[in-house]
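This report walks through a predicted model, one region at a time. Please keep the sequence and the coordinates in view while reading.

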Amino acid sequence: MYKRQAYLDKLVHSIGNGFIKVVTGIRRSGKSFLLNTLFYDYLKYNVTDDEHIIRFAFDSAEDLERIGENPIELQLKKRQVDPTKFMDYLKTCIKDGERYFLLLDEIQELGAFESVLNSYLRKPEFEIFVTGSNAKFLSKDLITEFAGRSDQIHLLPLSFSEFMENFSGDKYQGFAEYLLYGGLPLVAQERDAEKKRRILSSLFDEVYIRDVVKRNKIRNENDLRDLIDVLSSSVGSLSSAEKITNTFHSEKKSKITRNTVAKFIDYLEDAFLISSASRYDIKGKRYIGTPKKFYFADLGLRNARLNFRQFEETHLMENAIYNELLYRGFNVDVGVVELSQKNESGSVSRKNLEIDFVCNLGSERYYIQSAFSMPDNEKRTQEIRPFKTVRDSFKKIVVTKDFVPAFYDENGILTMNVIDFLMETNSEFELTPTSTI
């Protein structure tokens, strides 16, 4: 069992805020377990008694029978659960004027669920927590349904530190497996490598792609699949709809348009399968726009899409760092720093240097470089060069796979091993250096 402590804390802290608490995330990321097991246990042992916690799963035959609904009939007639029956059932659960916690799973199966939730939101005696797994609940636009009245807790697949809670090997073996198979709990719990591969491939084909196609009414599914392959192959590289369209035209002889590619990318982002990091001019303090970098929410899904043939550890490590930053609550951009150099002729040339991640959380900022290996001083100089052009006091960190103790150099730049970085759960990275050089 994974504790999912960071998300449990978010749910606990949301109690009493007057909002509908909506748990979103890709399928199989553990939303139902978080709400109906972990959070339920917390409420029962720390907040209230069992009679004041009402759990209802709208995909459970047992729960549906309580309100006089037949799950087989619902499926055959392709209709949703009757909201009147559910609301009548809730009335029978209310015994006093104390506070009640509603934990509602797969809420999208309830007819007119928006109206039902809003009606209970107006009643102060109810604390409402919901999850959903259809295309709508996998989309960013869900929150617009409850604009100003909802609090989103977005659940990511397991972080590396969460993954290691139940991993039987050491952290180095765990890191290798995490980069290969990712952090979906269903996959992480499986011990057989071939079964892991089958699960991931099946999930991508039969669940995630199907959801995107169905929700957005995509007619040419093959183009979507080809786009996913392109994005999977270019993790951590600068990409744009125009560049990808040109690739389709030249290599696949496809007639797909730039607008269609851009829409497909938006659909994948809305479904939380991928996310993007925009380029940010650090000195000019402005966003540059395209191209962007795209990363996958789960590395195992990305690798499965490529049949585990394209395993570039450099890019996968960068993707893992990016996901960790999201897990810790940061907004993440790609940093761009312009460097001016005077040539021998007296002319001035300008060159853009890149910082992999500019991480913002409130008033705090961190600059992070993902450097797979720095075998010599020349490579290290290359990696820290962008840092030295940024004249501010925010912490600058180089994350490497090299086995090095954490240390600060004479420029105040912290270098640390990627596994130590991923296992250090303090979001401010206040790791005491073991040496200074």
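## Strand 3 and its cover

Both faces of strand 3 are covered, with Tyr100, Leu102 and Leu104 buried on one side and Phe101, Leu103 and Asp105 buried on the other. Here buried means under 20% relative accessible area, exposed means over 50%, and partly exposed lies in between (1.4 Å probe, protein chains only). Counted along the strand, six of the six residues of strand 3 are buried. In a regular strand the side chains alternate between the two faces of the sheet. Helices (H or I, at least four residues) and strands (E, at least two) are DSSP runs, numbered from the N terminus.

The model is predicted, so local features need pLDDT of at least 70 and side-chain atom pairs count only at pLDDT 80 or more, while totals for chains, interfaces and linings use all residues. Residues are numbered from 1 along each chain as its sequence is written, and side-chain values use heavy atoms, with hydrogens and water left out.

Strand 2 pairs with strand 3 (residues 100–105) in the parallel sense over five bridges; isoleucine 53 stands opposite phenylalanine 101 in strand 3, and the bridge partner of phenylalanine 56 in strand 3 is leucine 104. Strand 3 and strand 4 are likewise joined in the parallel sense over five bridges, and leucine 104 has valine 130 as its bridge partner in strand 4.

## Helices on the sheet and against each other

Axes are lines fitted to C-alpha atoms, for helices over the stretch in contact, and angles run from 0 to 180 degrees between N-to-C directions; contact means heavy atoms within 4.5 Å.

Helix 1 (residues 5–14) packs on helix 2 (residues 31–46) at an angle of about 65 degrees, with the axes 10 Å apart. Tyr7, Leu8, Leu11 and Val12 of helix 1 meet Leu34, Leu38, Phe39 and Tyr42 of helix 2, a contact that comprises eight nonpolar, no polar and no charged residues. In this classification Ala, Val, Leu, Ile, Met, Phe, Trp, Tyr, Cys and Pro count as nonpolar, Asp, Glu, Lys and Arg as charged, and the others, Gly among them, as polar. Helix 10 (residues 193–216) and helix 11 (residues 221–233) pack at about 115 degrees, with their axes 11 Å apart. Phe204, Asp205, Ile209, Val212 and Val213 of helix 10 make this contact with Glu221, Leu224, Arg225 and Ile228 of helix 11, and by class it has six nonpolar, no polar and three charged residues.

Asparagine 360 is placed in strand 10 (residues 348–361) and is buried, because its relative accessible area is 18%. Leaving aside neighbours within four places in sequence, asparagine 360 is in contact with Phe330, Asn331, Asp333 and Arg365. Its side chain makes a polar contact with the side chain of arginine 365 (2.9 Å); such a contact is a pair of N or O atoms within 3.5 Å, and within protein one must be able to donate a hydrogen and the other to accept it, while residues adjacent in sequence count only if both atoms are side-chain atoms.

Aspartate 281 lies in strand 7 (residues 274–281) and counts as buried at 14% relative accessibility. Not counting residues up to four places away in sequence, aspartate 281 touches Arg286, Ile288 and Val336.

## Backbone exceptions

Most residues other than glycine have a negative phi, and most peptide bonds are trans. Lysine 285, in the loop between strand 7 and strand 8, has a positive phi of about 55 degrees although it is not a glycine, and counts as exposed at 68% relative accessibility. The peptide bond from threonine 290 to proline 291 is cis, with omega near -5 degrees, and proline 291 lies in strand 8 (residues 286–296).

Note on methods: Two strands pair if DSSP finds at least two bridges between them.
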